[in-house]
Amino acid sequence: MNRKFATNLAFLLFLNFLVKPFYILGIDAEVQNRVGTEDYGMYFSILGFTFLFQILLDVGIVNFNTRTISQQPFLLKKHFSKIFSLRIILAVIYGVFVLGLGAVIGYNSSEIKMLSWLIFNQILAAFVLYLRSNLAGLLLFKHDSIVSVLDRFLLIIICSLLLWGGIMKEPFDIYWFIYAQTFTYAVTAIVALLFLLSKQKLARLKWDKLFSFAIIKQSLPYALLILLMTFYYRADSVMLERMLEDGKTQAGIYANGFRFFEAANNIAFLFATLLLPLFANLLKHKKSVGNLVRLSSSILIPGAILIGTACFFYSQEIIEARYLNATLESGKVFGVLILCFVFISTTYIFGTLLTASGNLKRLNQIAFAGVILNIVLNLILIPTYKAYGAALASLITQAITAIAQVWLSKSYFKLNLDVSLLIRGIIFTGLIVSFGFLLQQSLFDYLSWYSALILLILTGGVLLFALKIIEIKNVKKLFEKI
């Protein structure tokens with residue numbers, strides 16, 4: 001199982017390293033440069049608003065389906081047509097609810113128009129995620145990997161033509177970006193469906209009322225978990241835009257830093273998509289999950305510490321290198337948000353393990369506490385510190401919930417603490433932070449900031465192997481399999 005995880009992770013990372021960072025830091029960031037901080041801030045805030053209630057599109061079906069299909073693949077043929085029909089109804093409910101709520105909280109006509117398109121895009125994206133859950137459940141990771149980057153790959157092509165191709169005479173409009181997303185989500189959904197049909201014969205769509213209610217009842221714990229985690233992950237931008245007079249601008253400043261965090265987070269999220277069916281499969285056969293937890297933890301968490309530390313020390317320089325309208329506040333916000341990457345990476349391992357086990361009661365309690373904490377912190381910090389306050393609220397929330405999930409996983413699965421690995425991890429963190437501090441204090445004055453950043457990352461990579469946090473034997477196994 002470790003071998004399967006490592007080889008598929010390598011393929012998934014390869015595709016995503018090629019596509020997603022360039023999309024987020026190249027295309028998405030350039031869109032903000034072209035349309036301006038305020039207009040992009042409005043888009044970013046409304047997009048966050050559509051995410052808050054995205055659970056109505058899914059009610060936990062994706063996680064439930066991945067876990068179920070990975071344990072009982074024969075159920076796909078029986079369940080697919082009924083679940084797909086259910087998702088069409090849920091899409092209508094989601095659209096009506098979010099549009100209505102947008103009107104209630106005071107969105108004007110232009111904001112409602114944008115909200116409508118983003119709702120439609122979320123519906124298409126939700127169907128893609130459901131189709132991917134079936135591919136992952138069947139352990140068709142390579143097909144899932146292709147689908148996971150297809151929409152972004154197409155967006156890169158389309159938006160590159162619009163941004164730099166000289167085919168449009170007018171200044172770039174944020175709606176061009178939204179329309180391009182609509183097209184690429186639709187194409188990706190069709191491709192994902194064709195992949196699935198090539199591996200499994202599916203029945204025609206069929207609405208089954210009793211089955212639908214049964215699925216929703218079984219999925220509700222997953223739905224509650226996703227709803228709660230989305231709130232403390234996406235509420236910041238909405239609260240910024242609604243609470244402050246210059247809310248759209250502050251949401252745009254927050255988006256500057258959030259974009260880099262999201263680029264890193266997308267890579268870490270791939271671990272969760274692979275780990276969920278693998279953990280579920282191990283638990284079904286009553287096999288130990290300890291080795292897989294250790295392998296994924298030894299790769300993801302130290303890597304997140306390295307990236308988080310390096311970007312923290314050079315947050316302002318990174319922001320100024322990418323944005324035309326970069327401010328000191330943008331750099332401070334990014335410096336805090338990138339530290340969240342360490343804790344959310346931890347969540348992608350231990351939270352996924354708890355989800356795969358179906359042990360959601362305590363996980364939901366942790367997530368609910370996280371939502372309350374995040375909202376309270378935002379209400380306290382945003383009026384004074386604005387976007388920086390929202391970033392601080394996110395960091396505190398992510399740290400506390402990640403620690404709680406590690407403790408719960410250790411207790412529930414009787415995981416043995418690898419004291420040696422923990423000590424080496426602490427030593428690694430201390431060394432990389434110290435070296436980063438010395439570099440920033442002009443220890444090497446002849447180095448440019450980006451040369452120092454690369455040196456810091458390369459040094460951290462060497463330390464990971466030297467301290468045997470990432471073991472060479474596991475790397476050899478990965479390359480032998482490839």
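This text walks through a predicted model, from its overall build to single residues. Local features require pLDDT of at least 70, and side-chain atom pairs count only at pLDDT 80 or more, whereas totals for chains, interfaces and linings use all residues. Residues are numbered from 1 along each chain as its sequence is written, and side-chain values use heavy atoms, with hydrogens and water left out.

Start with the fold. The protein has 18 helices and zero strands. Both are DSSP runs numbered from the N terminus: helices are H or I with at least four residues, strands are E with at least two. The radius of gyration is 22 Å, close to the 23 Å that the globule rule gives for 482 residues, so the protein is as compact as a globular protein of that length. That radius is taken over C-alpha atoms, and the rule is 2.2 Å times the number of residues to the power 0.38. Along its principal axes, the C-alpha trace spans about 70 × 55 × 45 Å.

Next, packing and surface. Buried residues make up 57% of the 482 residues. Here buried means under 20% relative accessible area, exposed means over 50%, and partly exposed lies in between (1.4 Å probe, protein chains only). A contact means heavy atoms within 4.5 Å. Of the contacts with a separation of 6 or more, 85% are between residues 24 or more positions apart. The protein exposes about 20,900 Å², and carbon and sulfur atoms supply 68% of it. Accessible areas come from the Shrake-Rupley method with a 1.4 Å probe; for residues, only the protein chains shown count as cover.

The search runs on a 1 Å grid over the protein atoms alone. A cavity is a set of points where a 1.4 Å probe fits but cannot get out. A pocket is an open set with protein on both sides within 12 Å along at least five of seven lines. Lining residues have an atom within 4 Å of a point. Grid points are joined across faces, edges and corners, and a volume is the space filled by probe spheres set on the points.

The second largest pocket has a volume of about 940 Å³. Its lining counts 31 residues, and Ser297, Ile301, Phe350, Leu417 and Leu422 lie nearest its centre. The elements that give two or more residues to this lining are α11 (290-313), α13 (328-357), α15 (387-413) and α16 (419-440). Helix α11 gives the most, with nine residues. By class, the pocket lining divides into 18 nonpolar, nine polar and four charged residues. Ala, Val, Leu, Ile, Met, Phe, Trp, Tyr, Cys and Pro count as nonpolar; Asp, Glu, Lys and Arg count as charged; the others, Gly among them, count as polar.

There are two cavities of 30 Å³ or more. The second largest cavity holds about 40 Å³ of space. Phe44, Gly48, Tyr233, Arg234, Asp236, Ser237, Tyr254 and Phe258 line it. Two or more of these residues come from each of α2 (37-52), α9 (209-243) and α10 (247-284). Helix α9 gives the most to the cavity lining, with four residues. The cavity lining has four nonpolar, two polar and two charged residues.

Turn to single residues within helices. Asn134 lies in helix α6 (residues 109-137). At 0% relative accessibility, Asn134 is buried. Residues up to four places away in sequence aside, Asn134 touches Asn65, Ile69, Leu76, Phe80 and Leu196. Ser315 sits in helix α12 (residues 315-322) and is also buried, at 11% relative accessibility. Leaving out neighbours within four places in sequence, Ser315 contacts Gly331, Phe334 and Gly335. Ile88, in helix α5 (residues 75-104), is partly exposed, with a relative accessible area of 39%. Ile88 and Phe127 are 39 residues apart in sequence, and their C-alpha atoms are 9.0 Å apart in space.

Finish in the loops. Lys286 is found between α10 and α11. Phi of Lys286 is near 55°, a positive value in a residue other than glycine. Lys286 is exposed, with a relative accessible area of 77%. Lys468 is placed in the loop between α17 (449-466) and α18 (472-481). Lys468 has a positive phi of about 60°, although it is not a glycine. At 57% relative accessibility, Lys468 counts as exposed.
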